[in-house]
Amino acid sequence: MSKLIFIVGAGGHAKVLLECLQQKNDIEVAGFLEIDKAVVGTSVSGMPVYDQDAILKKYSPKDIFLVNGLGSIAIPILRKKQFEQLKQAGYFFYSVVHPFAYHSKDVVIDEGAQILARSTVLTGTKIGCNTIINTSASVDHDCEIGNHVHIAPGVVLSGHVKIGDTCHIGVGANIIQGIQIGSNSLIAAGAVVISNLPKNSRVAGVPAKVI
């Protein structure tokens, strides 16, 4: 790969992505991008933190790739906003797959999606753009995961689960087979979802109930 990669953001999720990218021999990570002036000019995990606006003025979309290093707490609106603004400016987001993750050969991984360490994504599944499949998550066969979704660490999705755009599935949640989750929904950590949920749902508990 000839293009430089910059990671947008310099927080915890960005550091995880850096560690993943540094294990790939054909990738050169140039540093982090930040809009927070208090962080610009510092170093994170041994990599420089640059002013985002300055770098985007210096490099055109044809010169660099971006990786979305903004994490997702609850509904991932800020992560989505950053992705869409930079896409509108013409930049391309590189998809990240950790070398210790597994996905079947026919899994569809859209632009900017991230599959992190020890996660598993099985046959027939589609992962939307800018979506995170976080550490040790398990996504079984024929799932459809929308855009800008966060599947948090330890989540288990059974087969044929459908998740709409901009959802947050909390740490360790379980969703049984065939369930449909509407867009902009939040599933609390540890919840067990056994029935379909409309858009904008907020649920918690075992079994999951509206909160």
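This is a predicted model: local features need pLDDT of at least 70, side-chain atom pairs count only at pLDDT 80 or more; totals for chains, interfaces and linings use all residues.

Guide: Ser-119 is placed in the loop that runs between strand E10 (114-115) and strand E11 (120-121). When neighbours within four places in sequence are left aside, the residues in contact with Ser-119 are Ala-101, Tyr-102, Ile-133, Asn-134, Ser-136 and Ala-137.

Let us now turn to the wider setting. The protein is divided into domain 1 (4-94) and domain 2 (96-202), and the centres of these domains, taken over C-alpha atoms, are 23 Å apart. To their contact, domain 1 contributes 25 residues and domain 2 contributes 21 residues. The area buried between domain 1 and domain 2 is about 1,900 Å², with 62% of it given by carbon and sulfur atoms. The count of salt bridges between the two domains is one. On the side of domain 1 that touches domain 2, the elements giving two or more residues are helix H1 (12-21), strand E5 (64-68), H3 and E6.

Aromatic rings also deserve attention. The count of aromatic pairs is five. In one of them, the ring centres of Phe-83 and Phe-93 lie 4.7 Å apart with their planes at 40 degrees, so this pair is tilted. Because Phe-83 belongs to helix H3 (residues 77-88) and Phe-93 to strand E6 (residues 92-93), the pair ties together parts that are 10 residues apart in sequence. Phe-83 counts as buried at 5% relative accessibility, and Phe-93 counts as buried at 1%.

Key: Residues are numbered from 1 along each chain as its sequence is written. Side-chain values use heavy atoms; hydrogens and water are left out. Rings of Phe, Tyr and Trp (its six-membered ring) pair if their centres lie within 6.5 Å; planes under 30 degrees apart count as stacked, over 60 as edge-to-face and the rest as tilted. Helices (H or I, at least four residues) and strands (E, at least two) are DSSP runs, numbered from the N terminus. Buried means under 20% relative accessible area, exposed over 50%, partly exposed in between (1.4 Å probe, protein chains only). Contact means heavy atoms within 4.5 Å. Domain bounds come from an automatic or database domain assignment. Buried area is the accessible area (1.4 Å probe) that two parts lose on being put together, summed over both. A salt bridge is a side-chain nitrogen of Lys or Arg within 4 Å of a carboxyl oxygen of Asp or Glu.
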